[in-house]
Each structure stands twice: as structure tokens, then as C-alpha cells.
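User: I'm new to this structure and would like to learn how to read it. Could you take me through some features, general idea before the actual case?

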Amino acid sequence: MGNLEMSTGDMRDVIRLLTAVERTPEQERTLAVARDRCAQIDARFEADDITLDVPVVQALEELLAGSPSADMEPGYRYAFQALVAMNFSDTYDLGYWRRPSWFHTVDDEMTGHGVPADLAPAALLFSGPPIRLPHPGDALPAMGTFPASRAAELVEAYEAVLDRLDPEVRETAEMLLEPMRVEAGEWERTKQAGRTEDTVFFWMH
């Protein structure tokens, strides 16, 4: 069970934050906000009586140092998402999903009708982080990335099979279609303006 969100930005900005030997003043300001965001996440977990072996604040510092202390811990994904949130657009809410495994059922039907496997919903939503992070130890939190340059390709593939899908599967496909249509148009404007927001980020938690 989890909330699903998406946002768009330049993932290179996030990677630079993690790998910079000497950070710029702007990067330090971004990190300060990200640290505060991580502290808020830890406070929410504490209020819900959830204890992480590696708190999100600590996980962020370990990622910045390039030395995670655990092989399996969800805090690192929350910390990474906090960095993404500081650099990407406002999130688009894709709803609350009781069964994340449902997306694999959707994949099966859509690929059976000819949608390429790498464009199917679960392939987008659960492809994992763009860098190596410790495993969360459970199904959630989950993340995935998708090139904004392929948004139009995804829209075309989904629209080609909508009429042949089971109603529930079609509803799920349409849930993704609406924002990806927007992303397809925005990508063209991004290119023309010479901007670099080329990654769509999915986050389920």
C-alpha cells in the first residue's frame, strides 16, 4: 500500500550533490533544506512508532560520505528522495494504491497487446534508483526513473491499446497517460528552451 507521486528534473543535479568534493554555496543551501526534510520524515516515523535502524537523517549523511553502513535499510531511499525533491518539480499525485503488485498484472496485459516491456507501468514505477542504494528490505518505498524524451513514445504505445484493455487495466493506464501527455509536451518546450529537466521520477511510499 502506498502513495504514488511523480516529478521531473535533472537527475545530474542530484548526483552532483552526492559526489561533489567541494560544494557550491547553492548546493549547501539545498542540502540544508534536504536535511530538514529528512528530520521531518524521521519525526513522522517516530510519531507512528516506526523505528529505522538507520534514521533518514543519518542515511543522508552516509550517502553524502559515500559510505552506507547497512546493506538493507529503507532510510537511504527516503534520504535520496529528499534530495530529488529539492531539485525536481512539484510532485504530481498519482493516487493511493492498495496493491502495488497490481501494476505487474497491468504490465502482463499491456505487453500482451504489444506495449514494449520497458514502457509498461511497473517497469517505470519500480525500476529502482538511478544509483546503487541499499535495498529497502520491503516492497516500499519504491522508486523509478524514466527519460522525459520517451514520454511521447509511451503515450503513443498506451493509446494504441486502450480500447483492447480490461476496464480496470485501462483505468490504470489512463492514470499514467494524463501526466505523461503533459510531460511529452513539456519535453519539447524544454528542448527548445535549452533546459535540462530530462528525467521523470516516480516515488511510491
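Analyst: Happy to. Let's start with burial: a residue is buried under 20% relative accessible area, exposed over 50%, and partly exposed in between, using a 1.4 Å probe and protein chains only. The areas themselves come from the Shrake-Rupley method with that 1.4 Å probe, and for residues only the protein chains shown count as cover. Asp10 has a relative accessible area of 5%, so Asp10 is buried. Before going on, keep in mind that this is a predicted model, where local features need pLDDT of at least 70 and side-chain atom pairs count only at pLDDT 80 or more, while totals for chains, interfaces and linings use all residues. Residues are numbered from 1 along each chain as its sequence is written, and side-chain values use heavy atoms, leaving out hydrogens and water.

User: Got it. Which residue does Arg12 meet in a salt bridge?

Analyst: General idea first: a salt bridge is a side-chain nitrogen of Lys or Arg within 4 Å of a carboxyl oxygen of Asp or Glu. Here, the side chain of Arg12 meets that of Asp10, at 2.8 Å from N to O. Arg12 counts as partly exposed because its relative accessibility is 41%, whereas Asp10 is buried.

User: How many salt bridges does the structure hold?

Analyst: There are 11. One of them joins the side chains of Asp13 and Arg16, again 2.8 Å from N to O. To place them, you need the helix and strand rule: helices (H or I, at least four residues) and strands (E, at least two) are DSSP runs, numbered from the N terminus. Asp13 and Arg16 both sit in helix H1, residues 11–19, and are 3 residues apart, about one turn of the helix. Asp13 has a relative accessible area of 30%, so Asp13 is partly exposed; Arg16, at 43%, is partly exposed as well. In another salt bridge, Glu153 meets Arg150 at 3.0 Å, N to O. Glu153 is partly exposed at 38%, and Arg150 is partly exposed at 21%.

User: Which residues are linked in a network of salt bridges?

Analyst: Glu186, Arg189, Arg195 and Glu197.

User: Next, rings. How many aromatic pairs does a search of the whole structure find?

Analyst: The idea is that rings of Phe, Tyr and Trp (its six-membered ring) pair if their centres lie within 6.5 Å; planes under 30 degrees apart count as stacked, over 60 as edge-to-face and the rest as tilted. The search turns up 5 aromatic pairs. Take Phe45 and Tyr78: their ring centres are 5.1 Å apart and their planes stand at 80°, so this pair is edge-to-face. Phe45 is in helix H2 (residues 25–47) and Tyr78 in helix H4 (residues 75–87), so the pair ties together parts 33 residues apart in sequence. Phe45 and Tyr78 are both buried. Tyr78 also makes an edge-to-face pair with Trp203, 5.5 Å centre to centre with 85° between the planes. That one links distant parts of the chain, from Tyr78 in helix H4 to Trp203 in strand E4 (residues 199–204), 125 residues apart. Like Tyr78, Trp203 is buried. Put together, Phe45, Tyr78 and Trp203 form one aromatic cluster.

User: And which residues form a negative surface patch?

Analyst: Patches are made of residues with over 30% relative accessible area and no salt bridge, with like charges joined within 9 Å and nonpolar side chains (Val, Leu, Ile, Met, Phe, Trp, Tyr) within 5 Å. Lys and Arg count as positive and Asp and Glu as negative, with His and the chain ends not counted. The place of a charge is taken as NZ of Lys, CZ of Arg, CG of Asp or CD of Glu. In this case Asp166, Glu168, Glu171 and Glu174 form the patch. Asp166 lies in the loop between helix H7 (151–161) and helix H8 (167–193), and counts as partly exposed because its relative accessibility is 34%.
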